[in-house]
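Reader: I would like to learn how to read a structure like the one below. Please take me through a few features in turn.

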Amino acid sequence: MGTGLDNVIAAETVLSHVDGEAGRLIIRGHDLEELAGSASYEQAVALLWAGFVPVPTDIASMRDRLGAARAKAFTHFVPLLPSLGRLTATEAMRLLLSSIPDGESGQEPFDVLAAAGVAAACAMRTTAGLNSVEPDISLPHAADVFRMIRGRSGDADEVRAFESYLVTIIDHGLNASTFAARVVASTAARLPSAVVAALCALKGPLHGGAPGPVLDMLDAVGTPGNADAWISDALKRGERLMGFGHRVYRVRDPRANVLKMTVAKFKGRANRIALAEAVEAAALRALRDFKSDRRLDTNVEFYTALLLEALDIPRAGFTPVFGLGRTAGWIAHAREQEQTGRLIRPQSRYIGPWPVKAA
Ligand code: ACO
């Protein structure tokens, strides 16, 4: 029988813990809700990387190193931008990141994390027919990447919301993309390769590709009054509802609450939030009936979609933005895996035909 390795413990980690029954996410000793409300992206990265990457003791130096690495990545990417035109934003980000060479061990994590932010911004703008924006190395990482994506600086509330999103999604146990990163890292293939592999896994709609389709669903539903009928028809057609269900959570994903509270602070979003709430309620009702043996609840992608839309980020860029934030987690896991010195190499059970002996 095909298996998704459900409940298999494939790694030990100090980085994050997903308690699927309680709906709790712990990131290196901190509850997500506490971290997302207080930490800058640099602080969250330093927390995750400690012991795996030589991080500076002060956050200002961390910012400086990421800023310098963004400038280096931009110079590296500029000649490649004319070749991106026919790709989607995520495909273009994948291509740019693939061009990053392996580096010197101490600097490599900074170069790869900065490159992910710059690659996402350049990929989104180039594939939309817009000029790429040079980094401003004096800015914190989140503020600058946000500016590079949109072509203009955000106000303080927007930047804080974007940064809080990046912290919220920075790490999440052994999800598919993180597992991919760890498998590649276990071969000693180095960080750029591990991060590209992770991005490839993130891209799919069952993982990090869901938030764009969440907005497509809200657009198709149109008004709160249509929600029940639309959801029921979609389930009858055998479709999966984007933004619902999770391999580990049996209750609401705690990240959904954090992101919902963040988007609710923005003025002018009341109608969109009301529509989303109606669709969410209809989906949860329908999924309870449709899959009575399985507890399916709202996952991170549902309110990710609303928040990134409120921040004026085009939906083609939702997966690249997820990827640029999660890169810090991928790097930490890759380094943690490297430290074990153990190649990940499971076995398969052969169920194919055996050679027929000649009579
Ligand atoms: N809509 C409709 N049916 C669903 C949904 C959904 N969103 N999620 C699960 N189901 C169904 C499955 O089809 C399956 O039905 P079956 O037993 O008849 O085959 C049953 O519920 C049980 O599925 P699970 O084993 O709980 O789901 P699984 O662990 O395989 O998948 C996944 C988890 C991929 C996230 C799934 O819930 C899904 O496809 N959701 C929609 C896409 C999505 O939101 N992805 C983002 C996930 S969050 C993240 O990765 C960052």
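Author: Start with a term. A polar contact is a pair of N or O atoms within 3.5 Å. In this predicted model, a backbone N or O atom of Phe 244 lies 2.8 Å from a nitrogen atom of the ligand.

Reader: Which side chains have an N or O atom at such a distance from an oxygen atom of the ligand?

Author: Arg 294 is one of them, with a side-chain N or O atom 2.3 Å from a ligand oxygen. Asn 299 is another, and there the distance from its side chain to an oxygen atom of the ligand is 2.9 Å.

Reader: How many residues are around the ligand, and which come nearest?

Author: There are 22 residues around the ligand. Those that come nearest are Leu 241, Phe 244, Arg 247, Lys 291 and Arg 294.

Reader: Now the domains. Where does each one run in the chain?

Author: The domain assignment gives domain 1 as 17–205 + 316–340, and domain 2 as 211–310. Each domain gives 24 residues to the contact between them. Their centres, taken over C-alpha atoms, are 26 Å apart.

Reader: How is the size of an interface given?

Author: The size is often stated as the accessible area that is lost when the parts come together. Here domain 1 and domain 2 bury about 1800 Å² between them, and 75% of that is on carbon and sulfur atoms.

Reader: What about charged pairs?

Author: Side chains of opposite charge can pair when their charged atoms come close. The rule finds one salt bridge across the interface of domain 1 and domain 2. Glu 21 and Arg 295 form a salt bridge through their side chains, at 3.8 Å from N to O.

Reader: How many residue pairs are in polar contact between domain 1 and domain 2?

Author: The count is three. On the side of domain 1 that touches domain 2, the elements giving two or more residues include strand 1 (16–19), strand 2 (24–27) and helix 7 (156–168). Helix 7 gives the most, with six residues. By class, that side of domain 1 has twelve nonpolar, five polar and seven charged residues.

How values were computed
Residues numbered from 1 in each chain as written. Predicted model: local features only at pLDDT ≥ 70, side-chain atom pairs only at ≥ 80, totals over all residues. Heavy atoms only, no water. Domains from an automatic or database assignment. Contact = heavy atoms within 4.5 Å. Buried area = accessible area lost by both parts, 1.4 Å probe. Salt bridge = Lys/Arg side-chain N within 4 Å of Asp/Glu carboxyl O. Polar contact = N/O pair within 3.5 Å; in protein donor to acceptor, adjacent residues only side chain to side chain. Helix = DSSP H or I, 4+ residues; strand = E, 2+ residues; numbered from the N terminus. Nonpolar A, V, L, I, M, F, W, Y, C, P; charged D, E, K, R; others polar. Near = heavy atom within 4 Å.
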